[in-house]
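Here is a short briefing on the structure below.

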Amino acid sequence: MAVSLPNVVALATPGFVALVALEMLLVRRSGRGAYDWRDSATSLTLGLGSTVAGLLVGGLIAAAYTAAFGFRLFDIPVAWWSGALCFVLYDLAYYWFHRTAHRVRWFWAGHVVHHSSQHYNLTTALRQTWTGALALSFVFYLPLFVLGFPPVLVLFVGGLNLVYQFWIHTELVGRLPGWVEAVMNTPSHHRVHHGSNPRYLDRNFAGVFIVWDRLFGTFEPEDDAEPVRYGLVHNLPGFNPLWAAFHEWAGIARDVARPGSWRERWQRLAGPPGWGSGDTTHAIRERWEAENNPQTERKLRTGVLAE
Amino acid sequence: MTLFLASLVAIALLVGLCWALGFRDAPVLADAAAAERVADAALTGFRAAKVALAADGRGALLKGRDGRLVAVRPVGDRWLVREVSGARAAAGRIVLPREPGARAFSLDLGGVPAWL
């Protein structure tokens, strides 16, 4: 008999709406955190559009998952233990998807939408891509199907993963007890991830468990002495949701069409964001370190740390 | 379709609540130093040599020590910082090049700075 599991994102959506309204009231009352009605309108519109886009391409992605499941190595049943294992492995896959989405421009073109707000609140959590399938984000989860986790189970834990990530998009929650901050992705850790400060760029890629960042060397704690500046290195000039959804794809098309060798064109497509303008995370962080640490600057001058 | 319409209604209600709660500020630069701080934070390593502040504090034009021309202008209740080329004077205002996805924007600097 086929097992059916609930669509947790659909079940959680009324809660999302209620929590956004509650957060607005609490931000107004406490003065902690920030909202802008134009920014929230864009975020919520992008969220709705993302759902529509998901419905349009869901069949193609389901076909890819089903095909991968056809090559499964094991027959894993739907059970509590397989659900727990799948949840952890899904989060590991999410970490690598997310890290790649920040380091490779093609993947970034889909993910940049989520970072395009200069605010950090619960509506930012709903500011989601319309072009995730085009950006190939689904390929990172194919190994789970090849291992033999049933599609219904992977989709279920994927929903749980997404729902978990909703509540961490807030400035209202400070730091949580030590063990929580040590193991779980928290509002504090994820604020860092949304920062455009050189110190915070491309850090804390975790979905649910921050241990992946600690393990793979991408963890950065929130520093109270350096408030997070939310948004992009090059922020959007307005609130047009269409431009927010497609601007990086337009940038890729423009840059690939520019004169240059094929290797250069490939780098504009698959290199790190900012490759053509010298504004990669690596370059920005080196400039910042040179400014803030004269010893590093001297090393730079002598070429020891040449990129 | 019902779910889609319900989602549109929910969005309208949340945006309306946001507006009604007063989250519709327009930022103002108090002085040239504030403009420098905003530009420096957004462009790592940028140091201003000259600053022209808009008469109403709703933006600024800065010339860097390295010769870069940088505009600071509002987007909602936040600032947008851009290196600009092709800024021009028209009717006593400095008109910034129009970007895709944004409306045209100009600054009233009380005249054209000599260094522009």
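Two strands count as paired if DSSP finds at least two bridges between them. This is a predicted model. Chain A has a mean pLDDT of 94. Chain A contacts chain B through 30 residues of its own and 24 residues of chain B.

**Hairpin in chain B**
- Strands β1 (residues 48–53) and β2 (residues 60–64) of chain B run antiparallel.
- Five bridges join these two strands.
- B:A48 stands opposite B:G64, which belongs to β2(B).
- The hairpin of β1(B) and β2(B) has six residues between the strands.
- B:G57 takes a positive phi in this hairpin, near 75 degrees.

**Contact between the chains**
- The contact draws 30 residues from chain A and 24 residues from chain B.
- On the side of chain A that touches chain B, α1 (8–30), α2 (37–69), α11 (241–257) and α13 (281–292) of chain A each supply at least two residues.
- The largest share of that side comes from α2(A), with eight residues.
- By class, the side of chain A that touches chain B holds 16 nonpolar, seven polar and seven charged residues.

**Domains of chain A**
- The domain assignment gives domain 1 (8–216) and domain 2 (277–307).
- The C-alpha centres of domain 1 and domain 2 of chain A lie 32 Å apart.

**Confidence in chain A**
- In chain A, 95% of residues reach a pLDDT of 70 or more.
- Over residues 297–307 of chain A, pLDDT stays under 50.
- For residues 297–307 of chain A, the model has eleven contacts beyond four places in sequence.
- Where pLDDT is low, the predicted coordinates should not be read in detail.

Terms used
Residues are numbered from 1 along each chain as its sequence is written. Chains are lettered from A and ligands numbered from 1 in the order in which they are written. This is a predicted model: local features need pLDDT of at least 70, side-chain atom pairs count only at pLDDT 80 or more; totals for chains, interfaces and linings use all residues. pLDDT is the predictor's confidence in each residue, from 0 to 100. Two residues are in contact if their C-beta atoms, placed from the backbone, lie within 7 Å. Domain bounds come from an automatic or database domain assignment. Helices (H or I, at least four residues) and strands (E, at least two) are DSSP runs, numbered from the N terminus. Ala, Val, Leu, Ile, Met, Phe, Trp, Tyr, Cys and Pro count as nonpolar, Asp, Glu, Lys and Arg as charged, and the others, Gly among them, as polar.
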